[in-house]
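This report goes through a structural model by topic. The sequence and the coordinates are shown first.

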Amino acid sequence: MIGVELRKLVLRPRMWVSVGLLCLLPAIVAVFLATADFPPPPGQGGAFLSAVVSDGSLYPAAALALVLPLFLPIAVAVAAGDSIAGEAAGGTLRYLLVRPVGRTRLLVAKLVTVAVYVTAAIAFVVLTSLVVGVLLFGTGGQGGVVGGGPAAGVVSMSGTALSSTSLGWRLLGAVAYIVVSMVGFAAITVFLSTTTDSALAAALGGLAVLITSSVLETLDAAASLKPYLPTHYWLSWIDFFRDPVLWRNIDQGLLLQAGYIVVFFGAAWANFATRDVTS
């Protein structure tokens, strides 16, 4: 069942269009950054942008910072919202369930497919931004600091030197953390997708959750609620580029997203298992 869903994902043109758009944004920013007369001052602009001018191998981290707050969640919301509601809107859901496919297996396959989509999208962003960064900025001939400022070689945001191997492992850790964060968000939207026959309504519901969480993050009155908001720890992947790695927020972010996955996938299963499918 998972293989079938993955083949459907690969054959959907909109999947490749969305991945292409995610890769296009960092590429455009890189071109403007390379043609500018001066780089962003350290601490200003997007994360890592002041460092990539000296070392293009850092550009994947800057690209992740560019797509994560808004564009990647939008793509995830569209994919997850289409998971069940899209089948219902297209009239194929009941035919899927007529075959010897349990609803639980179908729902698991849908969530796994969304997770694969998230992983593939991030991987393409990282790979394309690495190529663009190296082509436009080189590979550290002048040195660079992760987070800003000139230095000999690549150093962490804490000011200590990082080897290329260490930088690679830290980037992989950041990618894995972002994938888990997006799967937690996807679980919310998959649940919404089981409550409606409109993929657009499910995707908009996921985006409403995203916007509400982002707005509450800015309010001091919501301080007691912030640690439980789905977006609260999303940017904690940056802590992988400190030395030593600051695990506190990373661990709490992973635990929070695991909670969202369990709760909302369980809610999606409970709703879908008892739903009267007529389309």
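## Basis

The model is predicted; local features need pLDDT of at least 70, side-chain atom pairs count only at pLDDT 80 or more, and totals for chains, interfaces and linings use all residues. Residues are numbered from 1 along each chain as its sequence is written, and side-chain values use heavy atoms, with hydrogens and water left out.

## Nonpolar core

The largest nonpolar core has 65 residues, and Leu72, Ile122, Trp237 and Phe241 touch the most other members. Two or more residues each come from helix H2 (13–35), helix H3 (49–52), helix H4 (59–67), helix H5 (71–89), helix H7 (103–137), helix H8 (164–193) and helix H10 (247–273). H8 supplies the largest share of this core, 13 residues.

A nonpolar core here is a set of buried Ala, Val, Leu, Ile, Met, Phe, Trp, Tyr and Cys residues joined through side-chain atoms within 4.5 Å. Buried means under 20% relative accessible area, exposed over 50%, and partly exposed in between (1.4 Å probe, protein chains only). Helices (H or I, at least four residues) and strands (E, at least two) are DSSP runs, numbered from the N terminus.

## Largest pocket

The volume of the largest pocket is about 450 Å³. Its lining has 21 residues, of which Ser18, Ala75, Val78, Ala79 and Tyr117 are the closest to the centre. Helix H1 (2–10), H2, H5 and H7 each give two or more residues to this lining, and H5 gives the most, with seven. By type, the lining divides into twelve nonpolar, three polar and six charged residues.

Pockets are found on a 1 Å grid over the protein atoms alone: a pocket is an open set of points with protein on both sides within 12 Å along at least five of seven lines, whereas a cavity is a set where a 1.4 Å probe fits but cannot get out, and lining residues have an atom within 4 Å of a point. Grid points are joined across faces, edges and corners, and a volume is the space filled by probe spheres set on the points. Ala, Val, Leu, Ile, Met, Phe, Trp, Tyr, Cys and Pro count as nonpolar, Asp, Glu, Lys and Arg as charged, and the others, Gly among them, as polar.

## Second largest pocket

The second largest pocket holds about 190 Å³ of space. Of its 13 lining residues, Ser57, Pro60, Leu167, Gly168 and Leu171 are the closest to the centre. H4, H7 and H8 each supply at least two residues of the lining; H8 gives the most, with six. This lining has ten nonpolar, three polar and no charged residues.

## Loop between H9 and H10

Ser236 lies in the loop between helix H9 (199–217) and H10. Ser236 counts as buried because its relative accessible area is 8%. Not counting residues up to four places away in sequence, Ser236 touches Tyr177, Asn249 and Ile250, where contact means heavy atoms within 4.5 Å.

Pro244 is in the loop between H9 and H10 as well. The peptide bond from Asp243 to Pro244 is cis, with omega near 0 degrees. Most peptide bonds are trans.

## Two residues of H7

Val108 is found in helix H7 and is partly exposed, at 33% relative accessibility. Val108 and Ile2 are 106 residues apart in sequence, with 8.1 Å between their C-alpha atoms.

Ala123 is found in helix H7 and is partly exposed, with a relative accessible area of 33%. Ala123 and Val19 are 104 residues apart along the chain, and their C-alpha atoms are separated by 9.8 Å.
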